[in-house]
Amino acid sequence: MPVVTLPDGSQRSFAQPVTVAEVATSIGAGLARAAIAGRVDDRLVDTSFVIEGDARLAIVTEKDPAALDIIRHSTAHLLAQAVQSLFPDAQVTIGPVIEDGFYYDFAYKRPFTTEDLAAIEAKMREIAKADLRVQRRLMPRDEAVQFFKNLGEHYKAEIIAAIPANEPISLYGQGDWVDLCRGPHVPSTGKLRAFKLMKVAGAYWRGDSRNEMLQRIYGTAWLNDKDLNDYLHRLEEAEKRDHRRIGRELNLFHMQEEAPGAVFWHPKGWSVFQGLIAYMREKQNAAGYQEVNAPELMDATLWQQSGHLEKFGENMFTTRTPDERLYAIKPMNCPGHVQIFKQGLRSYRELPLRFGEFGKVHRYEPSGALHGLMRVRAFTQDDAHIFVTEDMITEETVRGIRLLLDIYKDFGFDQVQVKFSDRPPKRVGEDAIWDKAESALIAATQAAGVEYTLNKGEGAFYGPKLEFVLKDAIGRDWQCGTWQVDLNMPGRLGAHYVDEHSQKRTPVMLHRAIFGSLERFFGILLEHHAGKLPTWLAPVQVVLMGITDRQNEYLINVAEFLRNQGLRIETDLRNEKVGFKIREHTLQRVPYLLVAGDKEVAANLLSVRTRSGKDLGTMSRETFVERLAIELESRGRRTLED
RNA sequence: GCCGGCAUAGCUCAGUGGUAGAGCAGCGGUUUUGUAAACCGUUGGUCGGGAGUUCAAAUCUCUCUGCCGGCACCA
């Protein structure tokens with residue numbers, strides 16, 4: 001006699017065990033039709049789930065946040081059924097839900113083509129339309145292994161064989177097709193309406209590059225067509241933000257075949273790049289850092305000593321010179337900074353000693369990893385190494401974290417997530433040293449009052465690290481900053497200081513980067529702002545233009561004035577209509593367009609227009625400069641529009 | 001690195017074995033113009049590199065390079 005308690009507190013009793021679907025029907029036909037799954041005592045189940053005893057039950061409809069995942073999961077099954085219907089000897093493997101959709105990996109004798117994809121999608125619609133019932137059944141594990149082996153599904157059999165023998169396996173069937181799955185699923189394929197297959201790609205079996213490559217089909221699925229179309233629209237918008245496209249359109253930089261993974265900075269791009277460096281230099285100087293510069297090319301023996309050649313060698317560029325010496329191009333700045341530290345006898349009184357470098361490093365990245373500015377082989381780091389005593393780790397880390405978060409705020413990144421990465425499998429140094437380094441970093445992080453998540457085994461080969469992840473305007477995560485505690489490298493490279501008892505001690509080295517790679521940070525900024533860089537960074541801040549050539553003299557005069565105020569300005573005196581000029585400079589994302597016609601000249605004013613198309617009216621050149629100064633000083637927190 | 005796709009004018013792209021095209025940009029001219037595209041004319045290509053098949057290759061084959069989407073990698 002199960003008594004079912006509904007979310008509103010009302011209770012219904014039944015004479016015998018009932019299914020979720022039956023309870024829904026007893027409440028109303030509309031609810032029964034809308035039911036996607038059930039939540040029995042907070043556990044998600046199918047609508048066919050049988051409630052044996054007293055339980056709390058919520059009918060999961062589209063309004064429930066869990067509905068979308070269930071639909072995506074069921075759509076993955078629909079995909080697999082369609083593939084096996086069209087390609088019977090394709091084997092299924094796994095098909096999980098991912099952000100915005102799902103994928104399913106198949107083993108097949110040949111890669112799927114885009115034509116196959118269209119056919120598969122058509123088949124999916126056909127099956128969805130047939131509204132097949134989705135049925136769950138249980139099978140003992142060993143029987144399930146045999147069942148899938150008999151079907152020729154060796155991957156599936158392998159997955160099941162890894163499940164403990166006493167756990168029964170649930171199988172889901174729709175029509176004549178069946179798959180292993182934990183569930184829950186929609187009650188019938190007709191519930192799946194808004195979906196689209198996106199792309200095919202290779203993916204390694206079990207995510208291991210030593211294994212064979214499977215065919216992965218990606219799809220997206222939503223509650224309705226509107227959500228689906230919104231999603232497709234979002235993708236288009238994201239593509240318009242692509243930094244590679246903006247970089248070309250705004251003439252910021254280019255890359256070419258002869259220099260894979262390296263950037264040719266054009267004047268405008270380099271202006272922004274220099275702006276980033278100038279900003280960081282100012283912040284670092286104020287925070288007690290000293291800027292240094294170390295060689296890009298150093299003898300391989302030094303890199304052997306540091307451990308880089310052994311642990312990092314496959315990512316390093318080396319060069320053999322005519323005198324038969326082997327040099328390595330630096331992939332990191334730390335060994336160079338240790339050399340600077342080692343010059344002369346260091347005293348504990350000098351610590352903390354903070355060395356910063358805008359160091360250009362080269363790393364041989366796998367060709368398939370290269371991606372615009374986001375993943376390059378030659379890049380500039382805002383890299384610093386802080387030499388401290390063990391006692392200083394906490395205080396210095398607290399200061400460092402504060403500086404990092406402060407700087408991110410200036411760029412409009414208020415949401416920063418922190419990850420703690422502990423010892424990786426490939427590392428130098430004794431475990432006892434790692435124990436010490438990890439606990440010191442955790443203690444310091446806690447002292448800074450920062451929440452963090454654990455990133456197991458992802459530390460640097462010489463020490464644990466904190467990673468700072470920024471969220472951009474369209475919700476994507478970007479790992480930028482890093483803070484690392486290193487109890488290994490200084491000792492390996494023979495760095496010492498003399499303590500208050502005249503004892504030689506090995507310093508602790510804290511590695512730090514805030515932008516990370518300036519190239520990458522530049523790319524993130526471009527995408528975050530969709531090319532509309534804040535005025536303080538914009539390569540051209542103001543363009544002056546006239547209506548006819550009668551205003552030229554006036555404009556040249558104003559231009560000189562603005563330039564003398566330190567603004568980056570251009571004049572556009574071309575024989576073009578003002579609408580045409582406005583269009584061009586707006587597309588170039590120039591923050592402010594100043595227009596002068598005969599009226600403005602007569603009144604000694606300027607008509608001010610923003611790149612977002614807003615008309616700010618006319619004002620004098622002095623007022624414009626004054627108001628712009630507020631925007632520049634506040635780093636865009638207050639603009640002319642405010 | 002692995003799987004797949006792509007590579008034609010500065011950019012975006014047509015061109016499925018038979019004389020390389022369009023729009024925009026550029027250049028020359030006309031136009032003196034009021035807040036997101038004035039008009040006319042015109043230059044521009046070893047069709048990514050190399051090899052092969054063919055009477056004939058942008059087009060078919062092989063190979064190299066790069067890029068794009070994933071996977072792996074991101075020390």
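User: What covers the buried residues of helix 5?

Analyst: The cover includes strand 11 (134–139) and helix 6 (154–161), along with strand 12 (169–174) and strand 13 (177–180). Keep in mind that this is a predicted model.

User: And which residues of helix 5 are buried?

Analyst: Helix 5 spans residues 141–150, and R141, A144, V145 and F148 are buried in it. They sit on the same side of helix 5, because the arc they cover around the axis is only 105°.

User: Why would residues three or four places apart point the same way?

Analyst: An α-helix has 3.6 residues a turn, so residues at that spacing end up facing the same way.

User: What happens just after helix 5?

Analyst: G152 comes there, with a positive phi of about 80°.

User: OK, switching to aromatics. How many aromatic pairs are there?

Analyst: The count comes to 27 aromatic pairs. Take F106 and F112: their ring planes are at 90° and their centres 6.1 Å apart, so that pair is edge-to-face.

User: Are those two buried or exposed?

Analyst: Both F106 and F112 are buried.

User: What about F341 and F387, how do their rings sit?

Analyst: That pair is stacked, because the planes are at 25°, under the 30 degrees cut-off. The ring centres of F341 and F387 are 4.2 Å apart.

User: Where do they lie in the fold?

Analyst: F341 is in helix 12 (residues 334–342), while F387 is in strand 24 (residues 378–388), so the pair ties together parts that are 46 residues apart in sequence.

User: And why do they count as buried?

Analyst: F341 counts as buried because its relative accessibility is 0%. F387 counts as buried with 0% as well.

User: Which residues do ring pairs link into a cluster?

Analyst: One cluster is made of Y279, F411, F413, F515, F521 and W536, linked by ring pairs.

User: Which charges lie over a ring face?

Analyst: R72 lies over the face of W222, with 4.4 Å to the ring centre. R621 lies over the face of F561, at 5.8 Å from the ring centre.

User: Last topic: what does the domain assignment give for chain A?

Analyst: It gives domain 1 (3–60), domain 2 (67–238), domain 3 (266–294 + 333–528) and domain 4 (542–633).

User: What separates the centres of domain 2 and domain 4?

Analyst: Taken over C-alpha atoms, the centres of domain 2 and domain 4 are 58 Å apart.

Note on methods
Residues numbered from 1 in each chain as written. Chains lettered and ligands numbered in written order. Predicted model: local features only at pLDDT ≥ 70, side-chain atom pairs only at ≥ 80, totals over all residues. Heavy atoms only, no water. Phe/Tyr/Trp six-rings, centres within 6.5 Å; stacked < 30°, edge-to-face > 60°. Buried < 20%, exposed > 50% of the residue type's maximum accessible area, 1.4 Å probe, protein only. Helix = DSSP H or I, 4+ residues; strand = E, 2+ residues; numbered from the N terminus. Lys NZ or Arg CZ within 6 Å of the ring centre and 35° of its normal. Domains from an automatic or database assignment. Arc of directions from axis to C-beta. Contact = heavy atoms within 4.5 Å.
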